[in-house]
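Subject: The structure and what is in it

Hi,

Here is the structure for you to open next to its sequence. My notes on what was found in it follow below.

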Amino acid sequence: DRMVARRVKDIREAAPRFFIGSAPEYPAGLRKANLKGQAVVSVRIGANGAVFDPAVKSATNPAFGNAAAAAVRLWRFLPMVKNGHPVETKADVPIVFDPPNPARNQS
C-alpha cells in the first residue's frame, strides 16, 4: 500500500494504470491447439490499487477467461486519482494470449 501511495502522492488527476503483477499463464489445455486468444476482465480497483471482484466480461475461450481472471486477481494498479486523492473505480482489463513458443521454453 505504501509503494502505491508514494507513486500517486503528487498526482492531481490520473486514470488507473497497471503497476505490478505476473502475466497470465497460457492455458495448458489449449497448448496443442496453438490458439491465439483474448479475454476482458472487469474489476474494481480500490483506492490502494488492489483488485476486487474480478469477473470475466468476455473471452474467446473459457480457459482464456479463467487464466486472465486468475492473474488479474493478483495484480496491483496505480489507482484513479481525482483532485489529488486516490479513488476507487471500475475498469475493464483486456488481455491477449499468444501461443507459447516451444523453442523459447526449451533449456
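Let me start with asparagine 34, which sits in the loop between β1 and β2. Helices and strands here are DSSP runs, numbered from the N terminus: helices are H or I with at least four residues, strands E with at least two. Before going further, please note that this is a predicted model, in which local features need pLDDT of at least 70 and side-chain atom pairs count only at pLDDT 80 or more, while totals for chains, interfaces and linings use all residues. Residues are numbered from 1 along each chain as its sequence is written, and side-chain values use heavy atoms, with hydrogens and water left out.

Back to asparagine 34: although not a glycine, this residue has a positive phi of about 55°. Most residues other than glycine have a negative phi. Asparagine 34 is partly exposed, with a relative accessible area of 47%. For the wording, buried means under 20% relative accessible area, exposed means over 50%, and partly exposed is in between, using a 1.4 Å probe and protein chains only. Aspartate 53 also has a positive phi of about 55° without being a glycine, but its place is in strand β3. We will meet aspartate 53 again among the salt bridges.

Now the sheet. How are its strands ordered? The order is β3-β2-β7 in an open sheet of three strands, with antiparallel pairing; two strands pair if DSSP finds at least two bridges between them. At the edges are β3 (51-59) and β7 (89-97), each pairing on one side only. On average, neighbouring strands of this sheet are turned by 25° against each other, direction ignored. Between β2 (residues 37-45) and β7 there are nine bridges, in the antiparallel sense. As an example to find on screen, alanine 39 has isoleucine 95 in β7 as its bridge partner.

Helix α2 (residues 62-72) lies across β2, β3 and β7 and runs at about 35° to β2. Such angles run from 0 to 180 degrees between N-to-C directions, with axes being lines fitted to C-alpha atoms, for helices over the stretch in contact. Contact means heavy atoms within 4.5 Å.

Next, the inside. In soluble globular proteins, nonpolar side chains tend to be buried together. A nonpolar core is a set of buried Ala, Val, Leu, Ile, Met, Phe, Trp, Tyr and Cys residues joined through side-chain atoms within 4.5 Å. The largest one here has 18 residues, and Val43, Val72, Trp75, Val93, Ile95 and Phe97 have the most contacts inside it. Two or more residues of this core come from each of β2, α2 and β7. Which element gives the largest share? That is α2, with five residues. Apart from this core lies another, of five residues, among them Val8, Phe19, Leu78 and Val81.

Leaving aside residues up to four places away in sequence, isoleucine 95 touches Pro24, Gly37, Gln38, Ala39, Ala68, Val72 and Trp75. Threonine 89, also placed in strand β7, is buried, with a relative accessible area of 14%. Counted in that way, with residues up to four places away left out, threonine 89 touches Pro16, Val43, Arg44, Ile45 and Met80.

Finally, the charges. How many salt bridges does a search of the whole structure find? There are four, a salt bridge being a side-chain nitrogen of Lys or Arg within 4 Å of a carboxyl oxygen of Asp or Glu.

- Lysine 36 and aspartate 98 meet through their side chains at 3.4 Å, N to O. Lysine 36 is in the loop between β1 (17-20) and β2 and aspartate 98 in the loop between β7 and α3 (102-105), so this pair ties together parts that are 62 residues apart in sequence. Lysine 36 is exposed at 64% relative accessibility, and aspartate 98 is partly exposed at 45%.
- Lysine 57 and aspartate 92 form a salt bridge at 2.6 Å, N to O. Because lysine 57 lies in strand β3 and aspartate 92 in strand β7, the pair ties together parts that are 35 residues apart in sequence. Lysine 57 is exposed at 54%, while aspartate 92 is partly exposed at 38%.
- Aspartate 53 and arginine 44 form a salt bridge at 2.8 Å, N to O. Aspartate 53 is exposed at 53%, and arginine 44 is partly exposed at 22%. Arg44, Asp53 and Glu88 are linked in a network of salt bridges.

Best wishes
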